[in-house]
Amino acid sequence: MPTRTSTLLDARAMARTIRRMADEIVELNEGTDDLVIVGIQRRGVPLAQRLVAAIGEREKGHVHQGALDITLYRDDLQTVGPRPVVGSTDLPVDIDGKVVVVVDDVLYTGRTVRAALDELADFGRPRRIALAVLIDRGGRELPIHADVVGKTVTVESGQRVDVMVEELDGKDAVILARKGEEE
Amino acid sequence: MTAPLGKDLLGLESLSGDQIRLILDTAEPFKEISERAIKKVPTLRGATIVNLFFEASTRTRVSFEFAEKRLSADSVNIAASNSSVSKGETLVDTARNLEAMRIDMVVIRHGASGAAQFLAERIESNVINAGDGTHEHPTQGLLDLLTLRDHFKRLDGIKVCICGDVLHSRVARSNIWGLKKMGAIVGVCGPRSLLPNAIDDMGVTVFNRIEEAIEWADALNILRLQLERMQGGYIPSLREYNRVFGVTRERLDRVKRDVLILHPGPMNRGVEIDSDVADGPFSVILDQVTNGVAVRMAVLYLLSGGKPELAEAAKKGGER
């Protein structure tokens, strides 16, 4: 049955995928100069951290890492209630002229990325902004695409993708689950 | 439940510890916005807020105004002295007229205790109490809590003494409610004439001598001695007040611990607090002002609430 819970990536597959994504980011930037890896709260942040670590293992030079909380830039604040929790935003370097790679766990409607682009514009004018996501599940509602993708999956109606990371969920995994069902 | 705080913020007495914690935790990320080059987020774009001040205020009004502007709300200031209020319009008529212009929130400062609640019960808009008579000043209480929590990394179990004119102070009342709900131990210190009769029933320790209060406390919240109280016969003279109850360097030096110094402002230097204390290393008076903007942003954000009946388009927002 297509609606049964299944594992898309286990911990080892996830680690491999992140290593490959790290390589692709360095390739895209032709090195690590001016690179700033910015994770979107919450699961984008530990993923960004791992990408930075993976890049550090193979390349010389320091890659900056930041965190972005896009809650205050969401386009649905007039309608959602109660108020979503606001996380912290922390960009440790001036992003003017830099290559900023925005990292998130799942790319779906594209609305989160739209909010992230607006927020980054309030911090400065990067030379380039790229998008890296662990899972692209389709279903875009805005003209947004990812430059680096861990895995592309087809999700049928009634299903959802859950990314779990050690830091927040106690284990690494990507699960395809039925909507309304707790993992 | 659409808004975790309900429609209005009228005081800290009616809030639970969890609600207070939510406001403080929400204020935390808002601090960073004021550090940005572009100190603005689009969160309250399109919301209209009226700052309705029936009493003089600079710090609180400016702090609310910055909070509103940094959230991209449109705000209007009305000072009662030069409005239709001076022509005899009632509070409710003023507010209903404003509501007829489709506003979303009212921030009200009023000399009568209970004015904010009176208004909140009669209009649809969210009402935020910016100080009502001698009742409460919840956002001041919250910014004091945030400043204390920043310093001690907790509120549970810390000893805070509120010094001075507790009787007339809405700041004192909001502090006592807020601190107690967060598990802090509260003391008060001041001349008996400036402590409420019912103070013993509020579950606080009463100190008659400032030296004892300093000896006991982790932090002092020193209230402004409202100078008009002297005419009221509550204290004999400012000089005497300073001699007996003033927080001075010398008195602080006598205890070996650091005692954190808070003051809601505006200060009377040389009366309730000496300059070398106000400007000293343990003073967090300016941090209070900085935190005031973040706390008010958090309150505006949490109260502004959503309209879930329109949420169809937003359904996918939190989903993967």
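The model is predicted, so local features need pLDDT of at least 70 and side-chain atom pairs count only at pLDDT 80 or more, while totals for chains, interfaces and linings use all residues. Residues are numbered from 1 along each chain as its sequence is written, with chains lettered from A and ligands numbered from 1 in the order in which they are written.

Back to B:Arg102: its phi is positive, about 60 degrees, although it is not a glycine. It sits in the loop between α3 (91-100) and β3 (105-110) of chain B (helices are DSSP runs of H or I with at least four residues, strands are runs of E with at least two, numbered from the N terminus). B:Lys153 also has a positive phi, near 65 degrees, and is found in the loop between α5 (138-152) and β5 (159-163) of chain B. B:Lys153 is exposed, with 8 other C-beta atoms within 10 Å.

Chain B is assigned domain 1 (17-136 + 291-305) and domain 2 (138-288), the bounds coming from an automatic or database domain assignment. The C-alpha centres of these two domains of chain B are 26 Å apart. Their contact takes 19 residues from each of domain 1 and domain 2 of chain B (contact is C-beta atoms, placed from the backbone, within 7 Å). On the domain 1 side, α1 (17-33), β4 (126-132) and α12 (285-304) of chain B each supply at least two residues.

As for helix packing, α1(B) and α12(B) meet at an angle of about 115 degrees, with axes 8 Å apart (axes are lines fitted to C-alpha atoms, for helices over the stretch in contact, and angles run from 0 to 180 degrees between N-to-C directions). Among the residues in this contact are B:Leu22, B:Ile23 and B:Phe30 from α1(B), and B:Val295, B:Met297 and B:Leu302 from α12(B).

In chain A, an open sheet of 3 strands has the order β1-β8-β7, with antiparallel pairing (strands pair if DSSP finds at least two bridges between them). β1 (6-9) and β7 (159-164) of chain A are at the edges, each with a single partner strand, so one side of each lacks a neighbour in the sheet. β7(A) is joined to β8 (residues 173-178) of chain A by 6 bridges, and A:Arg160 stands opposite A:Ala177 in β8(A).

Methods:
Contact = placed C-beta atoms within 7 Å. Buried ≥ 20, exposed ≤ 12 C-beta atoms within 10 Å, placed from the backbone.
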